[in-house]
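Please study the structure shown below and then work through the exercises. Each task is followed by a solution in steps.

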Amino acid sequence: MYPPRVASSAARDNLPLLRVIEPNLVGPSGHYAEFVRALASRADGVFDAIEVVAAPRADAFLPSLGSAVPVRAHRAPSGPLGEMLAIRASLAEGHRTLVLTANASHAFVADRLGFVGNSGLANLALFVHWPLVKPAARLALALGGRARANALFLAPTRGVRDALVAAGCANAVQVAYPATRAANARLRAPFRHLLMAGAARINKGLDVVAELAEMLAREGRDLPLFVQVSPKHVARNGGSRHGAREDAVVARLLAANYTGLVADPKAPGRDEYAARFEGALVLAPYERAKFASGVSGVVLDALLHGAPVIATSGTWAGDVVERFGAGVAIRERTAKELHSAVETVVSRWDHFAHNAAVASDALAAEHDPRALARTIATVRAHR
């Protein structure tokens, strides 16, 4: 939607550098990479470049994430200690510094970084994805007084911001999660399949979808159903990476013998991930308690690409679906409710696909990454 605009070298000479800290960024696909890619696509005239402290193997692909501004790797020691040392070094050098997935421990440790005064902490931006309300998080924030007073806390939803304000964070700002849609996204496409996008987990409703597959199998239906049963579910030696409960749910899904099921054993690449939303009805029966105040990157991606969604009411995803009428928000997380919602959306596909296209245009503007870039760049204005 937004063509890259590269500022002239003369205009960029006085622009600051942004250093992003995300040790879990390991591949060119997924939400860590998309976050950086989106930010780089709209940071022209705001930042000169983006340097990323990521996993060592990310060095090779990080430049591919750049467009309007270049993206490059910044090597730092690995592990949790290496992450904190990277934050310290970046602040000591005077760089704008963004911790991409921040929690209370980042605020606590930043507060105690030697040789980083209050003016250095004023260059620190912490992007907090979920409310920091657990007792350990509240204690860490309480002990991080200098960080609470000087760092910028970025919240993608009102619920996250309210929790930060309640914890005494003086500079808590709500800013939309940065996201873009693929340039070739086909909106209002005919219905093609059901899709549980992203790695399937129980708290995202894998158990509900497994029971739905059983119901569809009993009915003799053949609606294509794509579920990413990713490598996270099965270790390389054949053993489980999760507990017995999740193993049982994955086994139940596969044992349903539903002819329409496509259980993908690996995460799709970036282009295929976006392409799967074309003509898809996305299933997102997420747990209400876990996802009440956090942005669902999957649901945001789905709506940006024009895919109607079935989500749980009382979650961020359910709220945005209801706002645009771009699907159904179910009140009970049961296979029966999910089945009924699927029938509703598929039977009125043109209506819901139209609403999802309207949502796509609105959300593309609301989640323009430029808002985040400007907020970080003007961090001192929040003092």
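The exercises below concern cavities and helix packing in this predicted model.

**Exercise 1. Cavities**

Task: Determine how many cavities of 30 Å³ or more the structure holds, and describe the lining of the largest cavity.

Solution: 
- Step 1. The volume of the largest cavity is about 50 Å³.
- Step 2. Its lining consists of L195, M196, A197, G198, Q228, P268, Y273, R276 and F277.
- Step 3. Strand 8 (residues 193–199) supplies the largest share of this lining, namely four residues.
- Step 4. Sorted by class, the lining of the largest cavity comprises six nonpolar, two polar and one charged residues.

**Exercise 2. Helix 13 and helix 14**

Task: State how helix 13 and helix 14 are oriented to each other, and identify the residues through which they meet.

Solution: 
- Step 1. A pair of packed helices is described by the angle between the axes and the distance between them.
- Step 2. For helix 13 (residues 297–304) and helix 14 (residues 316–324), the packing angle is about 20° and the axes lie 9 Å apart.
- Step 3. Angles under 35 degrees count as roughly parallel, and helix 13 and helix 14 are therefore roughly parallel to each other.
- Step 4. Their crossing is right-handed.
- Step 5. From helix 13, V299, L300 and L303 meet W316, A317 and V320 of helix 14.
- Step 6. This contact of helix 13 with helix 14 has six nonpolar residues, no polar and no charged ones.

**Exercise 3. Helix 2 and helix 17**

Solution: 
- Step 1. The axes of helix 2 (residues 31–41) and helix 17 (residues 369–377) come within 8 Å, crossing at roughly 80°.
- Step 2. By class, the contact of helix 2 with helix 17 has six nonpolar, one polar and no charged residues.

**Exercise 4. Helix 14 and helix 16**

Task: Describe the crossing of helix 14 with helix 16 and the classes of the residues in their contact.

Solution: 
- Step 1. The axes of helix 14 and helix 16 (residues 349–366) cross at roughly 120° and come within 9 Å.
- Step 2. The crossing of helix 14 past helix 16 is right-handed.
- Step 3. V320, R323 and F324 of helix 14 meet N355, A359, A362, L363 and E366 of helix 16.
- Step 4. The contact of helix 14 with helix 16 divides into five nonpolar, one polar and two charged residues.

Notes: Residues are numbered from 1 along each chain as its sequence is written. This is a predicted model: local features need pLDDT of at least 70, side-chain atom pairs count only at pLDDT 80 or more; totals for chains, interfaces and linings use all residues. Side-chain values use heavy atoms; hydrogens and water are left out. On a 1 Å grid over the protein atoms alone, a cavity is a set of points where a 1.4 Å probe fits but cannot get out, and a pocket is an open set with protein on both sides within 12 Å along at least five of seven lines; lining residues have an atom within 4 Å of a point. Grid points are joined across faces, edges and corners, and a volume is the space filled by probe spheres set on the points. Helices (H or I, at least four residues) and strands (E, at least two) are DSSP runs, numbered from the N terminus. Ala, Val, Leu, Ile, Met, Phe, Trp, Tyr, Cys and Pro count as nonpolar, Asp, Glu, Lys and Arg as charged, and the others, Gly among them, as polar. Axes are lines fitted to C-alpha atoms, for helices over the stretch in contact, and angles run from 0 to 180 degrees between N-to-C directions. Angles under 35 degrees count as roughly parallel, over 145 as roughly antiparallel, 65 to 115 as roughly perpendicular and the rest as oblique. A crossing is left-handed if the near helix is turned anticlockwise from the far one by less than a right angle, and right-handed if clockwise. Contact means heavy atoms within 4.5 Å.
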